[in-house]
Amino acid sequence: MTVQRKDAYNVAVVGATGAVGTEMILTLEQRDFPVAELRPLASSRSVDKTVSFKGRLLPVRELTKDSFGGIDIALFSAGGSRSKEFAPAAVQAGAVVVDNTSHFRMDPEVPLVVPEVNAEDIAWHKGIIANPNCSTIQMVAVLKPIHDAARIVRIVVATYQSTSGAGAKAVREMYDQAHAVLHDKEHAPAVFPYQIAFNCIPQIPQSGAFEPNGYTSEEMKMVYETRKMLHDERIRISATCVRVPVDRSHSEAVNVQTERKLTATEARALLAKAPGVVVVDDLGAQAYPLATMAAGKDPVYVGRIREDISQDNGLDLWIVSDNLRKGAALNAVQIAELVVGVKRPLCMVV
């Protein structure tokens, strides 16, 4: 299924009033995506709201199966159940769907894409292209050149994920709790199972049971999605995902073991040339990626690149990226650009 080439395209954003939907609209504007009509869609609770796009306030429409007439590209970020229900209707109406939820990611008929990693997989889409999990996106962007050069055989990753990954209400809860703690007031949790202010919670998502193997669904997403995008089911992967009291940007401590030895110097040289990746690694100047550095920016940042002293052929890396931007909205818009043949730099906000 292809989109007919033209000067401008009709774009729907499903979940337009949410944190990711808002960032998608901003990213479309910042990257000057050729939009003829922007159609913001959300639940009936949001129909009295407006969104801003290129200096205009656009009314939010209620999402129905009839919402996609004339739409070329539909960016979905309204939850897996909404994607399951409405994405097929968008495809039937003639749109190509880029879905930011987990619903289609492991469907063998649906490509799962990070443009810097496996853009070629877009070619076999059948109307739906899946956007990976935010934590997986930033990790595979860094690991792809290492895998190509030396084949990764094992990955152990611990994530430090910001509250914005759980939505706007979660960010508000963090700030409200921090204020309450500092003023000795009550601060019962609502979004998270425990206090998030001044705390770390080793459970993502914050609701739902753990898998039978003791891992969370977020941790298993990193396993399955990494293998799918790197086209290598042999990679052994273990993940621990932790929510931390940070507003925006996810951080990851990643340990990899490769088939062929790569020195830290070789890895830095590879990553310095990797698309969409910025190396910040000057220990003498205490320069390394920070969540505050990445917030609002396009790149995936990597630093603390060093050889693992505990095993042969091992590397340790510290990876940071804005979870709402490259981890969601930017990656989706980049996929849309590839679908319609628009050429843009991979990173535009540095």
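**A close look at one helix and its surroundings**

Reply: Happy to. Let's start with Thr136, which is found in helix α4; please keep in mind that this is a predicted model. Thr136 counts as buried because its relative accessible area is 0%, under the 20% cut-off. Its side chain makes a polar contact with the side chain of Glu225, at 3.2 Å. Leaving aside neighbours within four places in sequence, Thr136 is also in contact with Lys221, Met222, Thr226 and Met229, along with Glu225 itself.

The largest nonpolar core has 56 residues, and Phe68, Leu143, Ile155 and Leu317 touch the most other members. Helix α4, which covers residues 134-150, gives this core its largest share, 8 residues. Apart from this core lies another one of 34 residues, with Val13, Met24, Phe33 and Phe53 among them. As background, nonpolar side chains tend to be buried together in soluble globular proteins.

Phe86 is found in helix α2, residues 80-92. With a relative accessibility of 6%, Phe86 counts as buried. With residues up to four places away in sequence again left out, Phe86 touches Leu63, Thr64, Lys65, Phe68 and Phe76. Thr64 is 22 residues from Phe86 along the chain, and their C-alpha atoms are separated by 7.3 Å.

Another helix to view is α9, residues 325-340, which has a kink of about 35° centred on Asn331. Helix α9 is mostly covered, with 15 of its 16 residues buried. Just after α9, Gly341 takes a positive phi of about 80°.

Now zoom out to the whole chain. It has 9 helices and 14 strands. Its radius of gyration is 20 Å, close to the 20 Å that the globule rule gives for 350 residues, so the chain is as compact as a globular protein of that length. Along its principal axes, the C-alpha trace spans about 60 × 55 × 45 Å. Of the 350 residues, 53% count as buried. Among contacts between residues at least 6 apart in sequence, 67% join residues at least 24 apart. The chain exposes about 15200 Å², and carbon and sulfur atoms supply 52% of that area.

Definitions and conventions:
Residues are numbered from 1 along each chain as its sequence is written. This is a predicted model: local features need pLDDT of at least 70, side-chain atom pairs count only at pLDDT 80 or more; totals for chains, interfaces and linings use all residues. Side-chain values use heavy atoms; hydrogens and water are left out. A nonpolar core is a set of buried Ala, Val, Leu, Ile, Met, Phe, Trp, Tyr and Cys residues joined through side-chain atoms within 4.5 Å. Buried means under 20% relative accessible area, exposed over 50%, partly exposed in between (1.4 Å probe, protein chains only). Helices (H or I, at least four residues) and strands (E, at least two) are DSSP runs, numbered from the N terminus. The bend at a residue is the angle between axes fitted to the seven residues ending there and the seven starting there. Contact means heavy atoms within 4.5 Å. A polar contact is a pair of N or O atoms within 3.5 Å; within protein, one must be able to donate a hydrogen and the other to accept it, and residues adjacent in sequence count only if both atoms are side-chain atoms. The radius of gyration is taken over C-alpha atoms; the globule rule is 2.2 Å times the number of residues to the power 0.38. Accessible areas come from the Shrake-Rupley method with a 1.4 Å probe; for residues, only the protein chains shown count as cover.
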